[in-house]
Every structure is written in structure tokens, then in C-alpha cells.
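Dear colleague,

Please find below the structure that I am handing over to you. My findings follow directly after it.

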Amino acid sequence: MMTMNFDVHAPFTQLDDQDVKVLLLENIHADGVEFLRNKGYQVETRSAALGEDELIEAIKGVHLLGIRSTTYITEKVLQNAPDLLAIGAFCIGTNQIDLAATKRHGVAVFNAPYSNTRSVVELAIAEIISLARRLHEKSTAMHNGVWNKSAAGSHEVRGRTLGIIGYGNIGSQLSVIAEALGLSVVFYDIDDKLALGNAKKCATIDELLSISDVVSLHVDGRPGNAGLFGDEQMKAMKPRSLFLNLSRGIAVDTTALRKHLESGHIAGAALDVFPVEPKAQGDPFESELRGVPNVILTPHVGGSTEEAQQDIGRFVASKLRAYAKAGTTNLSVTFPELNLPSDPARHRLAHVHRNAPGVLAAINTILGDHGVNIEGQQLATRGELGYVVTDVSAEVGPEVLKELASLPETVRLRQLS
């Protein structure tokens, strides 16, 4: 296993709420913004994503950062953000964040893995029906003054087979709702997933493609999924089948998709994500799929309902607050999970370290040598990262913090109260 090189940070002393600086990008929902402001935090909001150089400038002195899917957190950004404690991805995916780098710099990452699941599923169902009935084409014709009342090429979805690639939170919920509409469901996932309802697991993607009338992609953004669905997979689909991608733009070869749409092999497609997406509202959008009949293109709005964005705003903001205030890492993407009281009554030390034998003993030896009484302690590890939170009877002095920070395994040390 490759050893991770960690970046040691100077110890943080407790920040008063009014001293906590927050930067929220990409139109984070107002409920999330107000939640943090009501805690007394200094909150700056921006409507658009920021490029690397812009972000490096904007992130100076920031303790908590909130982004969505179009702002990229790189090693260079983190190197220039020594005050940054945590990043909140106000969305499901975290592939826009260099997660390994956040661990090296002791920056916790949180996301919203469940909050917009229903919204994405409802869009997928709507698009399946719209494609089967060719509603997009009929609506466009009507707007152009053409009355084309014909059943040709329009089908019910009842009795058809839906193939779901990626049976996670979204894929499994889509499975249940699709079955209630009368579709048969098959799925493929690299992990061993329990089938819901009457859904059946396929051993390979090719098996799924050979029997599916509709194929819906619901994979994550890991590098191995880049180019997952290309010309070979499209050739393997049933003639006149439908294709949806509401997951990751990098997973689909859109040039190949256009070829198979124009040949008629694929009867229709709906895409909500693209390999390259505009950074800001109103920026031009380019794609080979523009203008192709029976193709529904939406601007990455699968999870963009008011209900979902409100839930995400509240959920991720509360996770950022809990970590900043109490050191809680419950449901963190990267850190070991510790579920701690939100308002610690004792004085609290949070120590992020390289996962190695003897770290806990070394911490406790330092505290004991300085006469610091431990009243409670929790330790968790995850991969090469360890996290120990210690409640002590009194505020510790700078010498104790200096010794703890000087441990060779220390990545980041905070005194929370």
C-alpha cells in the first residue's frame, strides 16, 4: 500500500462563532446560508463556481467552504488554504474534490448522499415516459405550428424492461417506483446489492443490455467509471431501446451516442450531465447532442428541486456546524466517524493523525505529564487516518498543544472549547 504523505498544521485554538468565516459558492440554498448565519458565522455567498486561481484568492482566511458540483478542489487550492477546516459538498457526488489531498491536509469533507434521491428518481421516471411517448418531439412540433396527431413510435412503459446500471440510493429507489408503474426491472452493480421488490440482478452489463428496453445509468464519479458507456455498450443495447444518464457526464461517450441515435439503433435519450459543463448560469452550452430528435437535454437539474435543495442546504450546513463546533464527523466522506454531543460541556481536543500504533498512548502520556485529567475520549480510524477527541477537565495551555502538535503522526490539532 502506498503511504500517504501528510501535511502538518499548526494547532487551532477555539474559534468564537463570530470569528468563523464561511464561503458558499454555486447558489447554496438560502436555508443553509441562514442556518450558518444564525449561528453567528461570517458567511459570504457567490452564485457561480470559481476556477482554481479565483478560489485560491477567495478562500484566504476561510474556515468552512460550501460548493456544489462545478467547483473543483485541488491539491493547489488546499495548499493555499491553511485555515480551512471542512468542505461541504451540497450535492451527492464528491468527485470534484481531491479527497486524498483533503485527508493529507486534515480537512473534513461532508456531502448529502440521500437528500435529493427522490428528485433524481422522479426526473428519470418523467424522462422514461416522455421518451417512450416522444413527447419532446411532439411539443417542439406544436411550438413550430405543426399538428402531428399520430401514435407512430409512441409506446406505453408498462410491460417493458428497465435496466439500471448502479444500484445505489438512486438506482434502488428508481427500481421500486418503476416496478409500481408496471416495468420489469433488472440491474447491475459491481457490489453485491440486495434486490428490492421483484428486481433481478444481472451478472454482467452485457446481460443487462441484451434484455433492457430502457437503460438508466446511476454510477458515481470514480475514475474507473470514465468512459464506462461507449460505442461497444451502445451496440449491445436492444434495437430501438432508450438510454438515460442522470449520474456522471464522464461516464458516457456522447459522440458514440449521437451516432447510434442518428442510425436509429437507439430510439431516444435523456441526459442531465455532460463531460464538460458551463460554470455559471447563462454560460453557453455545447454538445454533439444538441438538435438531435427525441433527445432530452437538461442542465444538471436532477437534484434541483426546491425540496431537495432545501434539504441539502440544511443537512450539509448542519454537518459543517457540528464539525466546527464539536468535532463531530458523523457521515463524513473522508474522516473516521465520531458522533459527539453538539455542545461540549467540557474542554475538548480534536486530534487528526496518521493511523499508526501508539498514537493514543502518546497523546495520553502528554496529557498525564501535564496533569490534565481526561473526562472522556473517543477514537476512530479509517484507512490511513485516525481521529481522537478528548474531553478534559480544564483548558490546556500552549505547551500541551505544542507537544501534541509535535507528535510525528499529527496532521491537525484543534482545541474546541
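Strand β13 (347–354) is mostly covered, with 6 of its 8 residues buried. Here, buried means under 20% relative accessible area, exposed means over 50%, and partly exposed lies in between, computed with a 1.4 Å probe on protein chains only. Strands (E, at least two residues) and helices (H or I, at least four residues) are DSSP runs, numbered from the N terminus.

Please note that this is a predicted model, in which local features need pLDDT of at least 70, side-chain atom pairs count only at pLDDT 80 or more, and totals for chains, interfaces and linings use all residues. Residues are numbered from 1 along each chain as its sequence is written, and side-chain values use heavy atoms, with hydrogens and water left out.

The sheet around β13

Strand β13 belongs to an open sheet of 4 strands, in the order β14-β15-β13-β16, with antiparallel pairing. Two strands count as paired if DSSP finds at least two bridges between them. The edge strands, each pairing on one side only, are β14 (374–382) and β16 (410–415). From one strand to the next, the twist averages 10 degrees. Axes are lines fitted to C-alpha atoms, for helices over the stretch in contact, and angles run from 0 to 180 degrees between N-to-C directions.

Strands β13 and β16 are paired in the antiparallel sense over 5 bridges; the partner of L349 in β16 is Q415.

Strand β15 (residues 385–392) is also joined to β14 by 8 bridges, again antiparallel. Q378 has V389 as its bridge partner in β15, while A380 has Y387. Strands β14 and β15 form a hairpin with 2 residues between them, and G383 in the turn has a positive phi of about 60 degrees.

Which residues of β15 point one way, and which the other way? L385, Y387, V389 and D391 point one way, G386, V388, T390 and V392 point the other way, and all are buried.

In helix α12 (residues 359–369), the residues V359, I363, I366 and L367 are buried. They lie on the same side of α12 because they cover an arc of only 95 degrees around the axis; the arc is that of the directions from the helix axis to the C-beta atoms. The buried residues of α12 pack against β13, β14, β15 and α13. After α12 comes G371, whose phi is positive, near 70 degrees.

Helix α13 (residues 398–405) packs on the sheet and touches β13 and β16; the direction of α13 makes about 155 degrees with that of β16. Contact means heavy atoms within 4.5 Å.

In the UniProt record, an unreviewed entry, the annotation "domain: ACT" covers residues 348–417. Such positions are given in the numbering used here, feature names are shortened, and annotations may be inferred rather than shown by experiment. The end C-alpha atoms of residues 348–417 lie 5 Å apart, and the span is 27% helix and 43% strand.

The protein chain has 13 helices and 16 strands. Of its 417 residues, 50% count as buried. Its C-alpha trace spans about 85 × 45 × 35 Å along the principal axes.

Yours sincerely
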